[in-house]
Amino acid sequence: MNQLDPTDLKILLAMIRDPRIQIGELSESLGIARNTAQTRVRRLLRAGVLRPGGREVDLDAVGYDVVAFVTIEVSHRELDGVVAALRLIPQVLEVHEISGRGDVWCRVVATDTHNLQASLRQVLRIKGVIRTETVLALHTHIPYRTEPLISGLAKASNT
């Protein structure tokens, strides 16, 4: 989807903030007609901006098609500050403290390599960051999923 207008973005934000929001609540909270809200949600689904189920945004569809995994080596006294600073960078989607090589692992998205480079420079400026290693994702073969795990639990509970 090439253009998301302010109403589309407000709809996406409302659905991210409250995944159980109903169309009536959505239209009321945004001050738009119920039919308008319903039509726009359907359009966002058809365009692939909202994934099936309608509550998860496909970042590639809204222009964030560069995905990188960043391993960060951190001065351990500064770990909490580093995590707090990473939280303030919008392109940082996830942060995990890890074992092995590096101390923190992040999933970062960007609109292009220049945008990624700017985000990585922000990371490097954080007090306590010693060095980073970045790996670009070339293709997502299996997106984040939980259905197979829950299906397995459901099958096991039926036996």
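**Helix packing and the pocket**

Tutor: Helices H1 and H3 pack at an angle of about 85°, and their axes lie 11 Å apart. Axes are lines fitted to C-alpha atoms, for helices over the stretch in contact, and angles run from 0 to 180 degrees between N-to-C directions. H1 and H3 are therefore roughly perpendicular to each other, a class that covers 65 to 115 degrees. This is a predicted model, in which local features need pLDDT of at least 70 and side-chain atom pairs count only at pLDDT 80 or more, while totals for chains, interfaces and linings use all residues. Residues are numbered from 1 along each chain as its sequence is written, and side-chain values use heavy atoms, with hydrogens and water left out.

In H1, Thr7, Asp8, Ile11, Leu12 and Met15 meet Arg40, Val41, Arg43 and Leu44 of H3; contact means heavy atoms within 4.5 Å. By class, the residues of this contact are five nonpolar, one polar and three charged.

H3 (residues 34–46) also packs with H2 (residues 23–30), at an angle of about 110° with the axes 8 Å apart. H2 and H3 are therefore roughly perpendicular to each other. On the H2 side, Ile23, Gly24, Leu26 and Ser27 meet Arg34, Ala37, Gln38 and Val41 of H3. Four nonpolar, three polar and one charged residue make up the contact of H2 with H3.

The largest pocket holds about 1,100 Å³ of space. Its lining has 33 residues, and the closest to the pocket centre are Val57, Leu59, Asp60, Leu93 and Val109. Helix H1 (6–17) and strands E1 (66–74), E3 (104–110) and E4 (129–137) are the elements that give two or more residues to this lining. H1 provides the largest share, five residues. By class, the lining has 23 nonpolar, three polar and seven charged residues.

Conventions. Helix = DSSP H or I, 4+ residues; strand = E, 2+ residues; numbered from the N terminus. Parallel < 35°, antiparallel > 145°, perpendicular 65-115°, else oblique. Nonpolar A, V, L, I, M, F, W, Y, C, P; charged D, E, K, R; others polar. 1 Å grid on protein atoms, 1.4 Å probe; cavity = no way out; pocket = protein on both sides within 12 Å on 5 of 7 lines; lining within 4 Å. Points joined across faces, edges and corners; volume = space filled by probe spheres on them.
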